[in-house]
Amino acid sequence: MAERYDRAVTIYSPDGHLLQVEYAQEAVRRGSTVLGLRTNNAIVLGVEKRSVSDLQEERMVRKICMLDDHVVMTFSGLTADARILVSRAQMESQSHRLNFEKPVTVEYITRFIAQLKQNYTQSNGRRPFGLSCLVGGFNEDGTPHLFQTEPSGIYYEWRANSTGRSGQPVRDYMEKHSDEILASADEPTAIKHIVRTLVSVSSLTHNQMDVAVLKYKQPLRMIDHKVLADLVRTVRSELEAEAEASRRPRVS
């Protein structure tokens, strides 16, 4: 039955669905896990990194991109689609700076990305962008913001969120530990929470993740893999200790 309604993005199914948009969302669910955390003075992003061949240049495999000096984006889904979207967003950021002599706000560039995605759900001969984006950064007054956009063109602001293959389990884990995660007042604590979430839910090693930090009026900083390796060891030790403690019989 669905085959009759998924031949064009502009055709609704009888139950009110745009099947091509739902297929794009499925592409996101099959993509790498990415998550973001907004603290009082930083945006921390963590991404699942696919294994890279020994013959391949690792610098070409990046899922964290700068849209402007103060805005960073990561994504889950089709990397080829992301390349086009990043390029368009970078051009819009520079155009806004040239025309208005001030940088874009985080919500403005997020709304631009969402509008571009939505346009591709209303035109024949085109397909929706198969990616979900986390956009984080700072406004001129230093206020941090973190947004997410979906293939349908909707966007929301979050304090912490995740998308991709393990997006829902990661979100459930972050909600379960929301009190301690959202209370992250300093950068090291926020980074550790990102690493702990990736290790707890996806069992990633330090070679399978990238973590980046953006602070107000500072360049994007990728966390060194030696630091990540130490954090992963610390987190695994803590998890093992917690598991051992939970197995001990309680003395009444």
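Trainee: Which residues in H6 meet H7?

Mentor: This is a predicted model, to be clear. On the H6 side, Ile191, Lys192, Val195, Arg196, Val199 and Ser200 make the contact. On the H7 side, the partners are Leu228, Leu231, Val232, Thr234, Val235, Arg236, Glu238, Leu239 and Glu242.

Trainee: At what angle do H6 and H7 pack?

Mentor: About 65 degrees, with the axes 9 Å apart. H7 covers residues 225-247.

Trainee: Is that crossing left-handed or right-handed?

Mentor: The crossing of H6 and H7 is right-handed.

Trainee: Let's zoom in on arginine 196. Buried or exposed?

Mentor: Arginine 196 is buried, because its relative accessible area is 11% and the cut-off for buried is under 20%. Arginine 196 sits in helix H6.

Trainee: What is arginine 196 in contact with, sequence neighbours aside?

Mentor: Skipping neighbours within four places in sequence, arginine 196 contacts Tyr173, Val235, Glu238, Leu239 and Glu242.

Trainee: How many residues apart in sequence are arginine 196 and glutamate 238?

Mentor: They are 42 residues apart in sequence. In space, C-alpha to C-alpha, the separation is 9.5 Å.

Trainee: Tyr173 was in that list. Which residues of H4 and H6 make the contact between those helices?

Mentor: From H4, Pro169, Val170, Tyr173 and Met174. From H6, Arg196, Thr197, Ser200 and Val201. Arg196 is also one of the H6 residues that meet H7.

Trainee: And the geometry? At what angle do the axes of H4 and H6 cross?

Mentor: At roughly 125 degrees, and the axes come within 10 Å. H4 runs over residues 167-176 and H6 over residues 187-202. H4 and H6 are therefore oblique to each other. Their crossing is right-handed.

Trainee: Backbone next. What is the phi of serine 203?

Mentor: Positive, about 55 degrees, although serine 203 is not a glycine. Serine 203 lies in the loop between H6 and strand S9 (209-215). Serine 203 is partly exposed, with a relative accessible area of 49%.

Trainee: Where does lysine 217 lie, and what is its phi?

Mentor: Lysine 217 is in the loop between S9 and strand S10 (221-222). Its phi is positive, about 55 degrees, and lysine 217 is not a glycine. Lysine 217 counts as exposed, at 74% relative accessibility.

Trainee: Switching to H2. How many residues does H2 have, and how far does it reach?

Mentor: H2 (residues 79-100) has 22 residues and reaches 31 Å from its first C-alpha to its last. That is close to the 32 Å expected at 1.5 Å a residue.

Trainee: Which residues of H2 are buried?

Mentor: Asp81, Ala82, Leu85, Val86, Ala89, Glu92, Ser93 and His96. Down the axis of H2, these buried residues fall within an arc of 130 degrees, so they line one face of the helix.

Trainee: What covers the buried residues of H2?

Mentor: The cover includes strands S3 (64-68), S4 (71-77) and S5 (131-138), and helix H3 (106-119).

Trainee: Which exposed residues are on the face of H2 turned away from its buried side?

Mentor: Arg83, Met91, Leu98 and Asn99.

Trainee: What follows H2?

Mentor: Glutamate 101, with a positive phi near 60 degrees.

Definitions and conventions. Residues numbered from 1 in each chain as written. Predicted model: local features only at pLDDT ≥ 70, side-chain atom pairs only at ≥ 80, totals over all residues. Heavy atoms only, no water. Helix = DSSP H or I, 4+ residues; strand = E, 2+ residues; numbered from the N terminus. Expected span 1.5 Å × (residues − 1). Buried < 20%, exposed > 50% of the residue type's maximum accessible area, 1.4 Å probe, protein only. Arc of directions from axis to C-beta. Contact = heavy atoms within 4.5 Å. Axes fitted to C-alpha atoms, helices over the stretch in contact; angles between N-to-C directions. Parallel < 35°, antiparallel > 145°, perpendicular 65-115°, else oblique. Left-handed = near helix turned anticlockwise from the far one by under 90°.
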